[in-house]
Amino acid sequence: MYDPLAPLRGFSCPVYVVGMGQFVNLFGSGLVYPFATVHFHLSVGIALSLVGIGLLANNVGTALGTTAGGYAADRYGRKPVMVASMALSSVTLAAYAGVEALAAATPVSPAVSFIAVAAAAGITLGLYVPAAQAMIADLTDGETRDRGYALLKVGNNAGFGLGFVVGGILYEFAELAVFLGNGLTSGIVAVVLFAFVPRVRSITRDVAFRDSVGDWGRAVTDRRILALAGLNVGFAVMYAQMQATVPVVATETLGLSSGQLGTLYTLNPIVIVVFQLPIVAAVTDWRRTRGLVLSAGLWGTSMLAVWAVAGAPARVGIGLVGAFLVLRTLGEILHAPLVTSLASDLGDANERGSQLSLLEVAKRIGFGVGSAVGGAFFDYGFEWLLWPALAGGCVVLAVGLLRFERSISPTENGRTTG
């Protein structure tokens, strides 16, 4: 008899604690995710291209923080980096609520204030991801590792989805409260991690700083890790549209309110919570690269769904945005755990934090580029060209993945036999 909870079992306690921390943290992110672009563009009056620059600054900051976080996680251990990241992020994320106040109190414009806060928040949040991913890798192996990353994804999106709903309601009555709530959740996670997660690895603390930096440099310049990171940039450009441009299509083209937008966006976490673990379990015997090719195909199809919104009746347009969310989420279900597990198996455990940080840096670069380019397409009146261009990019991604597959062994690609 099929046991739907079977993929959730078999992990050590710290894995579940990290997963619960992700749930709380991503609840905070969900409070603001679909509303940040809407708030700063439509309520504060910042041009969408400048909002895109702010998102780019956030992702550049995250890339810098991730680089430092991966190095620190390998040198000092996973837990200290995770706790520090969440504690600092409780301040920087809450600072979004003070963007207009900061602009009023200084000579800078609201746009400059937004960009500065976004960059600071990116740096503090960036510290966390490689440390958390390395901790999951330290506590799991083989097929369990794929499920461990999938479990993390479920925690992320269950919290994310609940945050969408609560954020949609809260934003209607107190716009700035969603940003304060986001900061509060990071503070809660810092306390939970400090109290309940053990220090599972402290690798190179006794190595001279110069030598450890050299080890880090060798880890992040591995040819195959660099190639995988390059492919991850392309995936992240697709991810960025869910935050940067699709909310604008939903609000300006289809006329959805913030509450309606938040409710529609719950399709993303609902699909992940329901299908993440079963789908990852179903592709356990696949080459990871083949799952990523299917992911690229789903992403490309989702972009074509948004392209079809223009000129469609309102109800059809809402259905097409819903189709975008479902298709891109199915692609995300495959992409997130498979690409992380693949990167984890390409290097040595002592270099895992650094190599995973490079993957996250690539993701953040792609987020930033995707946000800025998407915003520019809209500001200059070429939004109708954005979606077919992105779909074509997904085809390029699929071809790149098949070429990358030739450089790795079947075992590294997730198969126990050739």
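Reader: What share of the 418 residues in the chain do buried residues make up?

Author: Buried residues make up 56% of the chain. Please keep in mind that this is a predicted model. As for secondary structure, the chain has 17 helices and zero strands.

Reader: What makes Phe 40 count as buried?

Author: Its relative accessibility is 1%. Buried means under 20%, so Phe 40 counts as buried. Phe 179 is at 2% relative accessibility, and therefore counts as buried too.

Reader: Which residues touch the most other members of the largest nonpolar core?

Author: Phe 40, Tyr 96 and Trp 387 do, in a core of 105 residues. Helix 10 (residues 223-244) gives this core its largest share, twelve residues.

Reader: Why is the pair of Phe 40 and Tyr 96 called tilted?

Author: A pair of aromatic rings is described by the distance of the centres and the angle of the planes. For Phe 40 and Tyr 96 the centres are 6.2 Å apart and the planes stand at 50°. Rings pair if their centres lie within 6.5 Å, and planes under 30 degrees apart count as stacked, over 60 as edge-to-face and the rest as tilted. The angle of 50° falls in that remaining range, so the pair is tilted. The structure holds nine aromatic pairs.

Reader: Which residues is Tyr 96 in contact with, leaving aside its neighbours within four places in sequence?

Author: They are Phe 40, Asn 58, Phe 114, Val 117, Ala 118, Ala 121 and Phe 179.

Reader: How do you know that the charged end of Lys 79 sits over the ring of Phe 194?

Author: The charged end of Lys 79 is 5.5 Å from the centre of that ring, and the distance cut-off is within 6 Å. Lys 363 lies over the face of Tyr 239, at 5.7 Å from the ring centre.

Reader: Why is Ala 120 called partly exposed?

Author: Ala 120, found in helix 5 (residues 110-126), has a relative accessibility of 31%. Buried means under 20% and exposed over 50%, so a value of 31% counts as partly exposed.

Reader: What makes Thr 62 and Glu 332 count as buried?

Author: Thr 62, in helix 2 (residues 48-76), is at 3% relative accessibility, so this residue counts as buried. Not counting residues up to four places away in sequence, Thr 62 touches Gly 122, Ile 123, Gly 126 and Arg 364. Glu 332, in helix 15 (residues 314-346), is at 5% and therefore counts as buried as well. Beyond four places in sequence, the contacts of Glu 332 include Lys 153, Tyr 239 and Trp 299.

Reader: How many cavities of 30 Å³ or more does a search of the whole structure find, and which residues are closest to the centre of the largest?

Author: The search finds three. The largest cavity has a volume of about 1300 Å³, and of the 50 residues lining this cavity, Leu 26, Ser 29, Lys 363, Arg 364 and Phe 367 are the closest to its centre.

Reader: What about the largest pocket: which residues are closest to its centre?

Author: About 240 Å³ of space lies in the largest pocket. Of its 15 lining residues, Val 249, Thr 253, Phe 378, Glu 383 and Trp 387 are the closest to the centre. Helix 11 gives the largest share of the lining, four residues.

Key: Residues are numbered from 1 along each chain as its sequence is written. This is a predicted model: local features need pLDDT of at least 70, side-chain atom pairs count only at pLDDT 80 or more; totals for chains, interfaces and linings use all residues. Side-chain values use heavy atoms; hydrogens and water are left out. A nonpolar core is a set of buried Ala, Val, Leu, Ile, Met, Phe, Trp, Tyr and Cys residues joined through side-chain atoms within 4.5 Å. Buried means under 20% relative accessible area, exposed over 50%, partly exposed in between (1.4 Å probe, protein chains only). Helices (H or I, at least four residues) and strands (E, at least two) are DSSP runs, numbered from the N terminus. Contact means heavy atoms within 4.5 Å. Rings of Phe, Tyr and Trp (its six-membered ring) pair if their centres lie within 6.5 Å; planes under 30 degrees apart count as stacked, over 60 as edge-to-face and the rest as tilted. A charge sits over a ring if NZ of Lys or CZ of Arg is within 6 Å of the ring centre and within 35 degrees of the ring normal. On a 1 Å grid over the protein atoms alone, a cavity is a set of points where a 1.4 Å probe fits but cannot get out, and a pocket is an open set with protein on both sides within 12 Å along at least five of seven lines; lining residues have an atom within 4 Å of a point. Grid points are joined across faces, edges and corners, and a volume is the space filled by probe spheres set on the points.
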